[in-house]
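This report describes selected features of one protein chain. Please consult the sequence and the model alongside the text.

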Amino acid sequence: MLSHRAIWDGIDALARRHGLSVSALAKLAGFDATAFNVSKRVGKDGRPRWPSTESIAKVLEATGESFETFFQGAGAYTQGASTGRLSTVPLLGLAQAGTGGFFDSAGFPAGQGWDEVALPTPGDNGVYALEVQGDSMEPLYREGDRIVVSPTEQVRRGDRVVVKTRDGEVMAKILARQTAKQIELHSMNPAYPPRTFELKDIEWMARIIWASQ
């Protein structure tokens with residue numbers, strides 16, 4: 001899995017390839033000049049701060065680079081990275097994910113009907129991709145985008161997650177709040193209201209770690 005340092009190294013390498021400082025790169029992508037400063041990479045509480053997927057997507061758009069070259073600059077140890085090949089992970093449409101038989105009880109891919117897609121991400125630890133369908137994830141993710149999901153990553157408040165309820169509903173949301181008994185999920189599209197679930201009604205919850213846009 002890509003580490004916190006590797007992601008930031010990728011941003012530094014991207015800036016160097018274009019003869020820019022990280023401040024100039026941030027401004028080119030439409031951010032505040034301090035957005036990528038070293039001081040912004042760790043929070044006041046000592047926790048690592050990760051650049052968001054949309055931030056990296058804007059940087060790549062501004063420089064005309066691809067996810068593949070970014071991951072190479074980040075030192076990604078994807079399967080076959082040294083030869084420029086991408087890793088193949090299971091792929092399923094988000095709308096089909098809740099129809100049953102595609103996941104085990106822990107949220108790992110299972111059963112038949114999965115396709116495959118080559119993405120710059122490790123193909124182990126149960127990582128898989130879901131193809132966005134509909135508008136519930138706009139404006140962050142749009143129909144046809146592929147979100148990369150890891151059932152083994154620790155989930156914290158504010159993370160983007162895929163959740164499956166015991167009723168079979170699968171949804172991509174933001175984990176807004178979690179207590180010993182409940183979770184509160186917010187939609188990425190403000191047109192969709194927040195939803196609250198009892199933890200006993202949740203089968204599994206997995207973190208969205210990347211997106212191919």
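## Helix 3 and its end

In this predicted model, the buried residues of helix 3 (residues 53-63) are Thr-53, Ser-55, Ile-56, Ala-57, Val-59, Leu-60 and Thr-63. Buried here means under 20% relative accessible area, exposed over 50%, and partly exposed in between, with a 1.4 Å probe and protein chains only. An α-helix has 3.6 residues a turn, so residues three or four places apart point the same way. Gly-64 follows helix 3 and has a positive phi, near 75°.

Residues are numbered from 1 along each chain as its sequence is written. Local features need pLDDT of at least 70 and side-chain atom pairs count only at pLDDT 80 or more, whereas totals for chains, interfaces and linings use all residues; side-chain values use heavy atoms, with hydrogens and water left out.

## Aromatic cluster

Two aromatic pairs are found in a search of the whole structure. Rings of Phe, Tyr and Trp (its six-membered ring) pair if their centres lie within 6.5 Å; planes under 30 degrees apart count as stacked, over 60 as edge-to-face and the rest as tilted. The ring centres of Trp-8 and Phe-36 are 6.1 Å apart with planes at 65°, so this pair is edge-to-face. Trp-8 lies in helix 1 (residues 4-17) and Phe-36 in the loop between helix 2 (22-28) and helix 3, so the pair ties together parts that are 28 residues apart in sequence.

Phe-31 and Phe-36 have ring centres 5.8 Å apart and planes at 65°, so they also form an edge-to-face pair. Together, Trp-8, Phe-31 and Phe-36 make one aromatic cluster. Both Trp-8 and Phe-36 are buried, Phe-36 having a relative accessibility of 3%; Phe-31, at 21%, counts as partly exposed.

## Ser-150

Ser-150 is located in strand 4 (residues 146-150) and is buried, with a relative accessible area of 0%. The side chains of Ser-150 and Thr-152 are joined by a polar contact of 3.1 Å. Such a contact is a pair of N or O atoms within 3.5 Å; within protein, one must be able to donate a hydrogen and the other to accept it, and residues adjacent in sequence count only if both atoms are side-chain atoms.

## The chain as a whole

The protein chain contains four helices and nine strands, in the order α-α-α-α-β-β-β-β-β-β-β-β-β along the sequence. Helices (H or I, at least four residues) and strands (E, at least two) are DSSP runs, numbered from the N terminus. Of the 213 residues in the protein chain, 42% are buried.
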